[in-house]
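Here's a quick briefing to read alongside the model. Have the structure open as you go.

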Amino acid sequence: MSWFAALRDTARTGLTLDRALTDPKRAVRGAVAVALVLFPTLALGGVPLATSAAMGAFIAGSATFQRSFRPRASLAVAAGAGLGVSTFLGYLAAGVPGLFPVLLAVWAFGAGLSWAIGPTAGVVATNTVSVMLIVVQLPVSALAALGHGLVAALGGVVQAVVITLWPIGSWTAQRNALADTYAELADYARRLRQDPTAHVDPAPFMTARHAAALTPWQDRHRPPELRGLRGIAERIRPTLAALADPKVGAPEEGPERDRAREVLAASAEVMDALARAIRTGDPVRLPRSTPSLTLAGPDDGPRLRGAARRSSRRLGGLLRKAADALDRGDEDTITTPVVGAGGALHKPSIGRMLPVAARAVRRQLQPRSAIFQHAVRLTGVVTVAYLLARIAGFHHGYWAPMTAAMVMRPDFAQTYSRGVARLAGTVVGVAVSTLVVQLVHPGEWVLAGLAVVCIGGAYLAFRTGYALTTVGISTYVVFLLGLQEGDPLVTAFERVGLTLLGGSIALVTYALFPTWQTARLGERLAEWLAAAGRYAAAVIACYEEPAGVRGRAVRSALLDSREARSELLQAMQRADAEPGRHESGLAGVSRRQIDRARAAVGHLGRAAVLLEAHLPGVESGASGAGSVGVGSSGAGAGVEPVVGAGEYAEELRLATALAAGALLTGRPVEFGAVREAQARLEARLASGVAGVQGDVVRAGTRLVGVALRDLERALRGSSGG
């Protein structure tokens, strides 16, 4: 993509507005919390304290609109605490000549590194930089600095109190995450009718897992229908794949294939109904057109046989279990564990999160890290913008570094789309608010009221688009700072000019010192290959020890594989928006080869899913993690072990790990050791002692072999067979 096309597309993205709005009740609640802080502080403490308090309440409220499954009140308190500290230190540094730019640089670097913890932490930390710049304008005493820091933190506390006393859609995010999983399963079942080797989108499953990680309070109070359904969905996914795949399920053509398509269609309608019931909390209502074959026993008849019949029966049982769980809401009849056999997943406390966050940040302290490079860029643009505005003598010079801080993101597409949206939104917001001030000449209390209305509009537009949100935020800041003395018209021209300055510095800096995702595609692919190999090996090893405790190993490997695949897909999506041609980071490997290798690794993961669907003990429902039941007591009893599966699994795990290293170092990728292990396994299976399980392993490992051969060809650049 050329630079012109990339800039055009990112600008279009930044200025695009959706018709969706944030929940109006939540927007009003956030604005009410700002008003509860602003008006009393204005009456009791005057304009300076009111400005600090209102900015704290605004940013803390913004944190509660970020995508997170933690209680909103805790997000507001955490954001308020960060704002209080940044405000206090900023005011102290402002009283010492030359110290504030140093503090600003250090704080901006820390805010950039906070993206290692997650997007929510990154956004909130960046906002603390903006608040530090806005409220710190005049040197004050240490005691006054402490007061400003406390009232900024008070904004977060008030937001938390209002959220607690006025709960709105407390479980909406969790319901939507779980409902999206069942909706994706329904769509997956429909795709399988036409394409038996279709892939499922792992994103809803990953989101549902994050939503299932609860605080102790949430675990005690969540609706019963949200318990255990994610585990059922995890078991449905491989069962659908096993039913549709012609290698281990229904034949490719004939009456059995037609029957499998009927079962898949009926299952899709049932899962759509389950998704609606989960999302709304209403009872399950199956469409009248839904055939009874799914919930009443999907294989009443001779048309499905063998492994396909077993998958069909298992699918019907899982769907009945999910429907019964929603109808009764009886948590005693639902398997509740989330991770591994018998283990529930809980959110760690803030105290326990601190060491985890510190380790995440420490891992990014290396020059090649995208987060580290973002932190360096953010530090540079904020500090340079601040110094240029100060040297130029602008009274409101903070507006330039504030714009630069709000624009910068770790990747090209977000930085440029937000930059265009920020520039456009700020110009419109400043122009409108200045016109109102010039025509109406409102007093302090009217300005405060207008600020509250504008921030409510900004909250309402969070889902509409960043440009419209910026209009609301700009008018809010203008009305809030309009409480102080100054010529509104001169101030407006300064703010527009400083916005252009700060935004231009940010965009030019990223263009000169970019972090191209294309250069990291090879690393992401290697990580996914190694993770997919561990997942496939963990599943295959279970066939040799059907009564062993391996459920947790399979589950952990599956989650690692999903995470690695998601990171690769995100990197590829961001790379597609980047201008110019950039190296993939791998010697002699083109983007086309990476695309073909990605498809091959996807086939490897799918083979593991098919094998997982037929693990001994799955049909018993004993699986706590939703994937395998082999970790349960007695699971797999009476099932003949597949001798040699463990040896093959270890060879596969080691070979994929070595291939990932070879991929990064430019050495040839080959899987000769795996083919030799497969030949030994096939020789053992020729006796037929393992029965049906042996047939499943034989078919699954052959699919693994095909995937590995495709990977070798992709990385050799060969298109031949």
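Let's start with V161, which is partly exposed, at a relative accessible area of 41%; partly exposed is the range between buried (under 20%) and exposed (over 50%), using a 1.4 Å probe and protein chains only. Keep in mind that this is a predicted model, where local features need pLDDT of at least 70, side-chain atom pairs count only at pLDDT 80 or more, and totals for chains, interfaces and linings use all residues. Residues are numbered from 1 along each chain as its sequence is written, and side-chain values use heavy atoms, leaving out hydrogens and water.

**Nonpolar surface patch**

- V161 sits in helix 7; helices here are DSSP runs of H or I with at least four residues, numbered from the N terminus.
- Together with V28, V32, L36, L154, V157, L165 and W166, V161 makes a nonpolar surface patch of about 690 Å².
- A patch like this takes nonpolar side chains (Val, Leu, Ile, Met, Phe, Trp, Tyr) joined within 5 Å, from residues with over 30% relative accessible area and no salt bridge; that last term is a side-chain nitrogen of Lys or Arg within 4 Å of a carboxyl oxygen of Asp or Glu.
- Helix 2 (24–45) and helix 7 (142–165) each supply at least two of the patch residues, and helix 7 gives the most, with four.

**Nonpolar cores**

- The largest nonpolar core has 109 residues, and Y182, L229, I236, L240, M271, L274 and Y543 touch the most other members; a core is a set of buried Ala, Val, Leu, Ile, Met, Phe, Trp, Tyr and Cys residues joined through side-chain atoms within 4.5 Å.
- Helix 21 (residues 521–544) is the top contributor to this core, with 17 residues.
- Another core, of 75 residues, lies apart from it, with A108, A389, A492 and Y510 among its members.
- Leaving aside residues up to four places away in sequence, Y182 has contacts that include L229, I236, M271, L274 and A322; contact means heavy atoms within 4.5 Å.

**L610 and its neighbours**

- L610 lies in helix 23 (residues 591–613) and is buried, with a relative accessible area of 2%.
- Not counting residues up to four places away in sequence, L610 touches A241, A242, D245, V248 and L703.

**H441 and the cysteines**

- H441 has a positive phi, near 50°, without being a glycine.
- H441 is in the loop between helix 17 (412–440) and helix 18 (444–460), and is exposed at 60% relative accessibility.
- There are zero disulfides, meaning pairs of cysteine sulfur atoms within 2.5 Å.
- C454 is buried at 17% relative accessible area, and C542 is buried at 0%.

Notes: Patch = residues over 30% accessible without salt bridge, like charges linked within 9 Å, V, L, I, M, F, W, Y side chains within 5 Å. Areas by Shrake-Rupley, 256 points an atom, 1.4 Å probe, with all protein chains shown as cover.
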